[in-house]
Amino acid sequence: GCAMGVDIWAGQIVLKKKEKNPDIRLVAANPWPEMGEGWKPLWRDQHRELLNRADEVITISEHYYKFVYKKRNTWMVDHSNRLIAYYNGTPGGTLETILYAEKCGLEVIQYR
């Protein structure tokens, strides 16, 4: 999903695992091309590195708009067979994505 925090950390874990197993692929679903450009340098640089090292980058939209994150989340569920989510119990995009994945019949693994 390429967001600051857990998304980037998860991508970094996948890249580390690829070092031992080159069959693993990282597909980065980037909401729009400029996402991350206004972040603090540490996060911005990690985001750029993730995109540069991903096997494939899917750009969801050419520009930001109100529902671009929801569209990204839907795309990820629609192109997955399992959802692994870190969810802190608050309403929002993560909960909506979990519910959508369950509705689609995906295996959902939640960490808190």
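**Burial, salt bridges and surface of the model**

Glutamate 37 has a relative accessible area of 38% and is therefore partly exposed (buried means under 20% relative accessible area, exposed over 50%, and partly exposed in between, with a 1.4 Å probe and protein chains only). The structure is a predicted model, in which local features need pLDDT of at least 70 and side-chain atom pairs count only at pLDDT 80 or more, while totals for chains, interfaces and linings use all residues. Residues are numbered from 1 along each chain as its sequence is written, and side-chain values use heavy atoms, with hydrogens and water left out.

Glutamate 37 is paired with arginine 48 in a salt bridge, with 2.7 Å between the closest N and O atoms (a salt bridge is a side-chain nitrogen of Lys or Arg within 4 Å of a carboxyl oxygen of Asp or Glu). Arginine 48 belongs to helix α2 and glutamate 37 to the loop between β1 and α2, so this pair ties together parts that are 11 residues apart in sequence. Helices (H or I, at least four residues) and strands (E, at least two) are DSSP runs, numbered from the N terminus. Arginine 48 counts as partly exposed because its relative accessibility is 36%.

In total, eight salt bridges are found in the structure. Side chains of opposite charge can pair when their charged atoms come close. One of the salt bridges joins the side chains of glutamate 56 and arginine 25, at 3.4 Å from N to O. Glutamate 56 is part of strand β2 and arginine 25 is part of the loop between α1 and β1, so the parts tied together here are 31 residues apart in sequence. The relative accessibility of glutamate 56 is 34%, so this residue counts as partly exposed. Another salt bridge is formed by arginine 82 and glutamate 107, whose closest N and O atoms are 2.8 Å apart. This pair links distant parts of the chain, with arginine 82 in strand β3 and glutamate 107 in strand β4 (residues 107-111), 25 residues apart. Arginine 82 is partly exposed, at a relative accessible area of 44%, and glutamate 107 is partly exposed at 40%.

Helix α2 has 13 residues (41-53), which should span 18 Å at 1.5 Å a residue, and this agrees with the 18 Å between its end C-alpha atoms. The expected span is 1.5 Å times one less than the number of residues. The buried residues of α2 are Trp43, Gln46, His47, Leu50 and Leu51. Viewed down the helix axis, the buried residues of α2 fall within an arc of 135°, so they line one face of the helix (the arc is that of the directions from the helix axis to the C-beta atoms). Among the elements that cover these buried residues are α1 (6-20), β1 (27-30) and β2 (56-59). Leu42 and Asn52, on the other side of α2, are exposed.

Methionine 35 is placed in the loop between β1 and α2 and counts as buried, at 1% relative accessibility. Beyond its neighbours within four places in sequence, methionine 35 is in contact with Gly1, Cys2, Ala3, Asn30, His47 and Tyr69 (contact means heavy atoms within 4.5 Å). The C-alpha atoms of methionine 35 and histidine 47 are 8.8 Å apart in space, and the two residues are 12 residues apart in sequence. Cysteine 2 sits in the segment before α1 and is buried, with a relative accessibility of 1%. Most residues other than glycine have a negative phi. Cysteine 2, a residue other than glycine, has a positive phi near 70°.

In helix α4 (residues 93-103), Thr97, Ile98 and Ala101 are buried. These buried residues fall within an arc of 100° when seen down the axis of α4, so they line one face of the helix. They pack against α3 (68-78), β3 and β4.

At least two residues of the nonpolar patch come from each of α1 and β3 (82-86). Tryptophan 9 is located in helix α1 and counts as partly exposed, at 45% relative accessibility.
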